[in-house]
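The sequence and the structure come first, and the description follows.

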Amino acid sequence: MAALAALAGAKSITSPFVGTFYRAASPDGPPFVEVGQTVRKGQTLCIIEAMKLMNEIEAELDVKILEVLVKSGEPVEFGQALFRVEGA
Amino acid sequence: MTAGSRSFSKVLIANRGEIALRILRACRELGLRTVAVYSQADAEALHVRFADQAVCIGPPPARDSYLNIPAIISAAEITGADAVHPGYGFLAENAEFAALCERCGLVFIGPSAPLMALMGDKVRAREAMVRAGVPVLPGSGVLATEDELRRAAGDIGYPLIIKACAGGGGRGMKIVRDEGALVTAWSMARTEAQAGFGNPDVYVERFISAPRHIEIQVMGDRHGQVVHLGERECSIQRRHQKLVEEAPSAVLDAAAREQLGGLAVRACTAVGYDNAGTLEFLRDESGQCYFMEMNTRLQVEHTVTELVSGVDMVQAQLAVAAGERLAWRQEQLQLRGHAIECRINAEDP
């Protein structure tokens, strides 16, 4: 299941779900995105696990990742900022 | 039904406002930790501030937040909550939510899901009461055709009332005073029931004019024990919403109270009811009481009963959900004093 992350005020990408945030598809896997990277619209940014379902969160716009605001494995709530970004 | 201890230490409160604060207080008094959930509209609300932890579960509309079952279950998962109290309203009478909590390893603070489903369906609840020997108003089962309707109305007589099986709060109800108005009222009630509850099923009952509305508060544990905490008189209503809740009722004497309370206990024991619930009765002018429906949850007006019984009902709910036995037998419960609660309505005249 894919979901689109909202772009709040063109400054940060916020979580569309309550759940657990993961930067990679598996514990040892490479992160979906790194700081400094420019991602394309539709590209997976992270996973939010909710009720045992892994929800891939995709970029809604082309953006540059400035900062990852949550550590992998941490819980996040609805609307919590996940990435600080700027338009690419 | 499961018996024995299912202890928990952190309660997620799937509600907001006054009832969330009430549950928070009971949890704190029992040494239980609390998780509040809130929509983006309620980030500054008191229940968010007073809880040990708080999780934003969605945007302002209730259907996306307080009624958003996956978000609420996820909030329990990420906070390590092991029990859920639904309060009243929102998901409090949603049997699927109760069942899902149990499947996810969360203790649901309320009756078990199958009982909630049984008593939430007015026709099945009525059948269960008849089996338990509780008087019900002469009435029908689900009426799907005009023929069935006419036959049932002929048996019951006029005036009669048409009610939605899934209804409540007066919606989907039509009073019919003579045969000429029967079919039109029936088809309107079905349309209203479909629109209001997603289920067009209706049934008919004898209509009592000038009835008293008296409800009995019950509390059961998971070991088959049920007690009643006396009655609440709620005859004064406006648009089928209670305006004044009073305990004790001015029309019940001690013998009548014992008889009606005993009936409620017998009914709950027969179906194996646990946790808090209310049986609503209609009392006609001769003093005969008929079972109407059961609310399988805590009610707004539970505090009226708490004041006269000295029982903390939310604490009791938490205790029996954890598998504890009821702390009192019927003969230990004494009602003292008099309590009245009023609803204040703001209306555009």
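A polar contact is a pair of N or O atoms within 3.5 Å; within protein, one must be able to donate a hydrogen and the other to accept it, and residues adjacent in sequence count only if both atoms are side-chain atoms. The model is predicted: local features need pLDDT of at least 70, side-chain atom pairs count only at pLDDT 80 or more, and totals for chains, interfaces and linings use all residues. Residues are numbered from 1 along each chain as its sequence is written, chains are lettered from A and ligands numbered from 1 in the order in which they are written, and side-chain values use heavy atoms, with hydrogens and water left out.

**The interface**

Across the interface of chain A and chain B, four residue pairs are in polar contact, both residues being at pLDDT 80 or more. Salt bridges (a side-chain nitrogen of Lys or Arg within 4 Å of a carboxyl oxygen of Asp or Glu) number zero between chain A and chain B. Counting contact as heavy atoms within 4.5 Å, 11 residues of chain A touch 17 residues of chain B. The two chains bury about 930 Å² between them, 67% of it on carbon and sulfur atoms; this is the accessible area (1.4 Å probe) that two parts lose on being put together, summed over both. On the chain A side, V18(A), M51(A) and F78(A) lose the most area to chain B, together 65% of what that side buries.

**Chain A**

Helices (H or I, at least four residues) and strands (E, at least two) are DSSP runs, numbered from the N terminus. Chain A has zero helices and 10 strands. Of its 88 residues, 39% are buried, where buried means under 20% relative accessible area, exposed over 50%, and partly exposed in between (1.4 Å probe, protein chains only). Among contacts in chain A between residues at least 6 apart in sequence, 57% join residues at least 24 apart.

**The cores of chain B**

A nonpolar core is a set of buried Ala, Val, Leu, Ile, Met, Phe, Trp, Tyr and Cys residues joined through side-chain atoms within 4.5 Å. The largest such core has 31 residues, and F8(B), V11(B), I109(B), M219(B) and L318(B) touch the most other members. At least two residues of this core come from each of β1 (10-13), α1 (17-29), β10 (226-233) and α11 (313-321) of chain B. A second, separate core of 30 residues includes L12(B), V37(B), V48(B) and F97(B). Beyond its neighbours within four places in sequence, F8(B) has contacts that include L32(B), V107(B) and L318(B).

Helix α10 (residues 302-309) of chain B is mostly covered, with six of its eight residues buried. Its buried residues include H302(B), T305(B) and E306(B), and their cover includes α1, β10 and α11 of chain B.

In helix α6 (residues 122-131) of chain B, the buried residues include K122(B), V123(B) and R126(B). D121(B) caps the N-terminal end of α6(B), with a side-chain oxygen 3.0 Å from the backbone nitrogen of V123(B).

|---|---|---|
| α10(B) | G310(B) | positive, about 75 degrees |
| α6(B) | G133(B) | positive, near 80 degrees |

**A glycine in α1**

G17(B) lies in helix α1 of chain B and is partly exposed, with a relative accessible area of 37%. The C-alpha atoms of G17(B) and L46(B), 29 residues apart along the chain, are separated by 7.5 Å.
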